[in-house]
Amino acid sequence: MSILQICIVIAYLVFSPFVGMFLDGIDRKISARMQSRKGPSLLQPFYDLRKLFSKELLAVNNVQLLLNLCYMIFIAVSGAMLFGGTDILMCLFILSTAEIFLVLGASSDSSPYSNMGASREMIQMMAFEPLTLLIAVGFYLCTDSFRVADIIKSPVSAIVFMPGMFVALVIITTVKLRKSPFDISTSHHAHQEMVKGITTEMSGSMLGIVNIAEYYEIILLFGIFALFFINSVWWSWLIAIAVCCAVFFVETLIDNVCARLKWKITLYSCWLITLIAAGLNLFILMIIM
């Protein structure tokens with residue numbers, strides 16, 4: 001790693017939670033405007049997180065605390081690998097491992113809501129994991145490398161060869177962010193029949209750790225979106241930032257106009273999207289590259 005890459009990794013680890021909280025505040029504000037409400041302050045996520053960590057630490061068991069910490073750490077490591085320019089395939093594998101720690105943490109208590117949420121989180125993992133693998137393979141076929149540092153130096157943006165995978169990722173990101181219509185394991189809104197699902201038994205610092213992990217994941221996902229557009233010319237970075245902003249707005253829009261789907265429809269629709277959009281795109285890549 002060069003000194004620049006080390007600085008970028010440190011910046012990701014330090015500032016991602018703050019950027020994620022600010023994006024969460026923007027999300028809430030846009031959602032409120034779409035519903036003809038004023039909405040909370042942009043800094044409300046900061047206030048919420050401060051309040052969570054000011055409460056007494058109450059854990060159902062010590063294992064849950066350890067598993068939640070592992071969930072956050074593995075996502076942070078995954079993002080650090082992405083922004084450090086290392087192997088994107090390994091980055092995505094570590095991200096998948098982080099999700100398993102969250103499921104195990106929710107399954108470690110006896111709450112039926114938490115256990116149902118954990119089961120549905122596993123279903124969501126089954127829905128989006130095939131696409132993440134195909135995206136890594138797609139980047140390899142386009143650039144002959146899994147390394148992020150090589151991908152961003154390509155003379156042609158990956159979006160030229162991977163439009164289907166990009167569209168599929170936009171839809172699958174709705175699952176990753178647990179937004180409607182795919183918020184089956186837990187929800188940030190008050191329309192979940194399982195109370196808070198996978199996070200029902202988490203409160204105070206425990207829930208704060210999960211929230212920080214989600215903020216790390218948001219920045220990581222937008223980093224992957226940026227990879228589709230960044231190439232060897234400097235202005236491609238500006239295009240990537242603009243696209244990330246557009247995707248953020250689209251995800252917020254989808255969240256506010258769609259009703260939650262049943263888990264079977266969520267699973268089948270994600271697989272169908274992966275097969276048609278990403279699978280066909282990969283097949284074409286294997287022919288032309």
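Visitor: Which element gives the largest share of the lining of the largest pocket?

Guide: That is α1, with nine residues. Helices here are DSSP runs of H or I with at least four residues, numbered from the N terminus. Before we go on, this is a predicted model, where local features need pLDDT of at least 70, side-chain atom pairs count only at pLDDT 80 or more, and totals for chains, interfaces and linings use all residues. Residues are numbered from 1 along each chain as its sequence is written, and side-chain values use heavy atoms, with hydrogens and water left out.

Visitor: How much space lies in the largest pocket, and which residues are closest to its centre?

Guide: The largest pocket holds about 900 Å³ of space. Of its 30 lining residues, F83, G223, A226, I230 and W237 are the closest to the centre. Two or more lining residues come from each of α1 (3–34), α3 (62–83), α6 (148–151), α8 and α9 (236–257). A pocket is an open set of points on a 1 Å grid where a 1.4 Å probe fits, with protein on both sides within 12 Å along at least five of seven lines; lining residues have an atom within 4 Å of a point.

Visitor: Why is T173 called buried?

Guide: Buried means under 20% relative accessible area, exposed over 50% and partly exposed in between, using a 1.4 Å probe and protein chains only. T173 has 3% relative accessibility, so T173 counts as buried. T173 sits in helix α7 (residues 163–176), and touches L221, F225 and E251, leaving aside residues up to four places away in sequence. Contact means heavy atoms within 4.5 Å.

Visitor: What makes S36 exposed?

Guide: The relative accessible area of S36 is 72%, so S36 is exposed. S36 lies in the loop between α1 and α2 (44–54), and has a positive phi, near 60°, although S36 is not a glycine.

Visitor: And how do you know whether D144 is buried or exposed?

Guide: At 64% relative accessibility, D144 counts as exposed. D144 is in the loop between α5 (112–143) and α6, and its phi is near 60°.

Visitor: How do the length and the expected span of α4 compare?

Guide: Helix α4 (residues 88–107) has 20 residues and reaches 29 Å from first C-alpha to last, close to the expected 28 Å. The expected span is 1.5 Å times one less than the number of residues. What makes α4 mostly covered is that 14 of its 20 residues are buried.

How values were computed: Points joined across faces, edges and corners; volume = space filled by probe spheres on them.
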